[in-house]
Amino acid sequence: MQTIGSPLLWGMFAVLVIVALKVDLVLMRHGGPHKVSVREAAWWSMGWVVLALLFNAGLWAYLHATAGAEVAGRVGLEFLTGYLVEKSLAVDNIFVFLTLFTYFAVPEEQRQRALVIGVLGAIVLRAIMIFIGAALLARFHWMLYVFGIFLLVTGIKMWIAAGQEPDLARNPVLRWMRGHLPLIQRYQGNALTVVRQGRRFYTPLFVVIVMIAITDVIFAVDSIPAIFAITADPFIVLTSNVFAVLGLRAMFFLLAGMADRFHLLPYGLALVLAFIGTKMLIVDVFKIPVLVSLGVVAAILAATMLLSLALPPREDAD
């Protein structure tokens with residue numbers, strides 16, 4: 001598979017992510033378990049976005065010096081478009097995470113820890129899926145059509161299901177854990193497991209963390225093929241994915257209180273998936289430029305967010 005990812009670029013990316021995570025975890029530990037305010041979440045969200053843009057700028061500068069302006073410009077646009085797509089699709093994760101926290105009555109001070117550990121697990125699982133997807137596309141061109149049809153169908157299903165609450169009680173992962181793992185009902189602070197009378201039990205916090213990681217991977221099945229419509233380079237796919245996921249914790253606390261305000265956003269995300277699926281299906285007939293894709297995705301998201309603010313939800317209108 002072709003990639004711009006030299007050992008130097010992979011190494012710099014790995015170091016940047018490790019340092020950023022270390023700073024994030026140290027500051028979180030220093031603050032102790034606490035309810036994250038909207039102001040704190042806004043600053044963290046802004047910080048993660050700035051870090052992603054700085055990485056993109058550094059990547060552009062490196063490629064401009066080593067591969068030329070044309071390659072640098074193309075890769076820079078691919079990263080930015082991929083990041084926007086992954087960031088926007090991550091919003092749907094947040095709605096499900098909010099449902100998870102409500103269903104399991106997760107204490108406010110424990111939500112931050114659950115998200116951090118869950119997101120770390122999701123990054124590892126996403127990386128595995130991305131390299132598998134890149135290998136398949138490099139060997140089988142027709143996989144583009146499979147991904148395209150999948151995204152188009154997913155977009156239609158998301159449009160139909162918009163506004164419906166997920167039924168967690170019927171989730172197969174949750175049902176399996178309840179049937180095969182010794183669980184306790186009460187939270188034990190930060191503990192994921194406890195030992196009682198020589199037997200290890202799993203706390204509700206452990207269940208929530210597993211559900212967060214699994215849920216993110218389920219959504220990644222939609223979002224990863226979406227970014228392959230923009231670029232098949234595993235370096236761009238992985239870096240844009242990781243930067244989008246890294247800011248998921250902060251974005252959750254920023255948007256959790258505003259989920260009802262953007263009630264039309266799921267429809268916008270459905271249109272984004274349908275557009276990207278269509279783009280993949282017509283790639284051999286007409287290749288939509290990356291800049292056009294970026295504009296379409298941004299326009300769809302902006303329009304649905306503005307319409308959400310202008311048009312109240314049905315229950316509020318009655």
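**Values set against definitions**

Guide: Among contacts in the protein chain between residues at least 6 apart in sequence, 81% join residues at least 24 apart, where contact means heavy atoms within 4.5 Å. This is a predicted model, in which local features need pLDDT of at least 70 and side-chain atom pairs count only at pLDDT 80 or more, while totals for chains, interfaces and linings use all residues. Residues are numbered from 1 along each chain as its sequence is written, and side-chain values use heavy atoms, with hydrogens and water left out.

Visitor: What makes Ser308 buried or exposed?

Guide: Buried means under 20% relative accessible area, exposed over 50% and partly exposed in between, with a 1.4 Å probe and protein chains only; Ser308 has a relative accessible area of 4%, so it is called buried.

Visitor: Which residues are in contact with Ser308, leaving aside its neighbours within four places in sequence?

Guide: They are Arg261, Phe262, His263, Leu264 and Leu265, and a polar atom of the Ser308 side chain lies 3.0 Å from the backbone nitrogen of Leu264.

Visitor: How do you know that the span of helix α10 agrees with its number of residues?

Guide: The expected span of a helix is 1.5 Å times one less than its number of residues; for the 17 residues of α10 (residues 265–281) that gives 24 Å, and the end C-alpha atoms are 24 Å apart, so the two agree.

Visitor: Why is α10 called largely enclosed by the rest of the structure?

Guide: Because 13 of its 17 residues are buried, α10 is described as largely enclosed.

Terms used:
Helix = DSSP H or I, 4+ residues; strand = E, 2+ residues; numbered from the N terminus. Polar contact = N/O pair within 3.5 Å; in protein donor to acceptor, adjacent residues only side chain to side chain.
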